[in-house]
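Here is a note for a colleague who is opening this structure for the first time.

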Amino acid sequence: MSSSTLPLPVRFALPDEAWTPVDPESLGVRNAAFLALRGGAAGEYHPTITVSGGWRGDAASLEQIADESVEKLRAEGAEEVELLQRRSLGTEHAPALTQAVGAVATVEGRRQDLRQAQVVQGLVDVEDSARRVVMIYTLTCTFAQWEQMVPEFQAFMATVEVVPQQPGSQAEPQPK
């Protein structure tokens with residue numbers, strides 16, 4: 001179910017039975033620890049939710065990390081990539097930001113007007129404040145699906161929680 005391990009164990013619930021966990025690599029996604037595909041959505045594009053994360057020891061701000069995500073879309077061949085909205089939230093030890101990104105990309109031979117909703121969350125290491133884990137939760141859907149999918153992504157995000165790690169255990173995504 002995962003192509004990589006997360007630095008912290010995370011538990012979450014998918015919004016409903018229309019969302020199905022899929023091996024990210026089976027869809028060519030190499031940077032996600034978890035991927036769910038939404039069946040039954042209007043149109044030919046299947047919306048996805050991905051979860052990725054890793055340790056960051058650099059001084060990059062969450063805004064800079066979020067900018068990296070936007071640049072990654074461009075590097076992967078998306079066109080007309082545009083940051084539509086960004087908002088900071090969270091706490092000192094768990095800062096976060098949300099952003100909406102628009103892009104045009106060719107998916108399976110068809111040009112798609114895509115939207116991404118992202119939550120970029122930093123979790124500061126309590127033993128070394130120079131280190132932190134950065135988690136990125138992403139919804140990808142078409143512009144036409146946006147109004148329906150955003151509430152589902154919000155329902156997903158409402159269930160996300162970091163699970164206390166047992167000494168010596170490996171961190172894995174934990175669907176609820």
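Predicted model: local features only at pLDDT ≥ 70, side-chain atom pairs only at ≥ 80, totals over all residues.

1. Among the contacts between residues at least 6 apart in sequence, 57% join residues that are at least 24 apart.

2. In what order do the strands of the open sheet of seven strands lie? The order is S2-S3-S4-S8-S7-S6-S5, and the pairing is antiparallel. Strand S2 (19–21) and strand S5 (79–90) stand at the edges, and each has a single partner strand, so one side of each is left without a neighbour in the sheet. On average, and with direction ignored, neighbouring strands of this sheet are turned by 20° against each other.

3. The S2 end of the sheet can be followed pair by pair. S2 and S3 pair in the antiparallel sense over three bridges, and here Pro21 stands opposite Ala36 in S3. S3 in turn pairs with S4, again in the antiparallel sense, over four bridges, with Phe34 standing opposite Val51 in S4. S3 is mostly covered, since four of its five residues are buried.

4. Val51 also leads on to the next strand, as its bridge partner in S8 is Tyr137. S4 and S8 run antiparallel and are joined by nine bridges, while S7 and S8 pair in the antiparallel sense over eleven bridges, with Leu123 standing opposite Val133 in S8.

5. How many of the eleven residues of S8 are buried? Eleven of the eleven are, so S8 is largely enclosed by the rest of the structure. In a regular strand the side chains alternate between the two faces of the sheet. In S8 both faces are covered: one side carries Arg132, Val134, Ile136, Thr138, Thr140 and Thr142, the other carries Val133, Met135, Tyr137, Leu139 and Cys141, and all of these are buried.

6. Helix H1 (residues 62–75) lies across strand S4 (48–56), S5, S6, strand S7 (110–124) and strand S8 (132–142), and it runs at about 5° to S6. Helix H2 (residues 146–159) lies across S2, strand S3 (34–38), S4, S6, S7 and S8, and it runs at about 150° to S8.

7. A search of the whole structure finds four aromatic pairs. One of them joins Phe12 and Phe34 in an edge-to-face arrangement, with 4.7 Å from centre to centre and 65° between the planes. Phe12 lies in strand S1 (residues 10–12) and Phe34 in strand S3, so the pair ties together parts that are 22 residues apart in sequence. Both Phe12 and Phe34 are buried, and together with Tyr137, Phe153 and Phe156 they form one aromatic cluster.

8. The side chain of Gln116 makes a polar contact with the side chain of Thr140, at 3.0 Å. Leaving aside neighbours within four places in sequence, Gln116 is in contact with Leu73, Gln99, Ala100, Val101, Thr138, Leu139, Thr140 and Trp146.

9. The S5 end of the sheet deserves a look as well. S5 and strand S6 (residues 95–107) pair in the antiparallel sense over nine bridges, and Leu89 stands opposite Ala96 in S6. Gly90 has its place in strand S5, and at 55% relative accessibility Gly90 counts as exposed, the cut-off being over 50%. Not counting residues up to four places away in sequence, Gly90 touches Pro95 and Ala96. Gly90 and Gln121 are 31 residues apart in sequence, and in space they are 8.1 Å apart, C-alpha to C-alpha.

Terms used
Residues numbered from 1 in each chain as written. Heavy atoms only, no water. Contact = heavy atoms within 4.5 Å. Pairing = 2+ DSSP bridges. Helix = DSSP H or I, 4+ residues; strand = E, 2+ residues; numbered from the N terminus. Axes fitted to C-alpha atoms, helices over the stretch in contact; angles between N-to-C directions. Phe/Tyr/Trp six-rings, centres within 6.5 Å; stacked < 30°, edge-to-face > 60°. Buried < 20%, exposed > 50% of the residue type's maximum accessible area, 1.4 Å probe, protein only. Polar contact = N/O pair within 3.5 Å; in protein donor to acceptor, adjacent residues only side chain to side chain.
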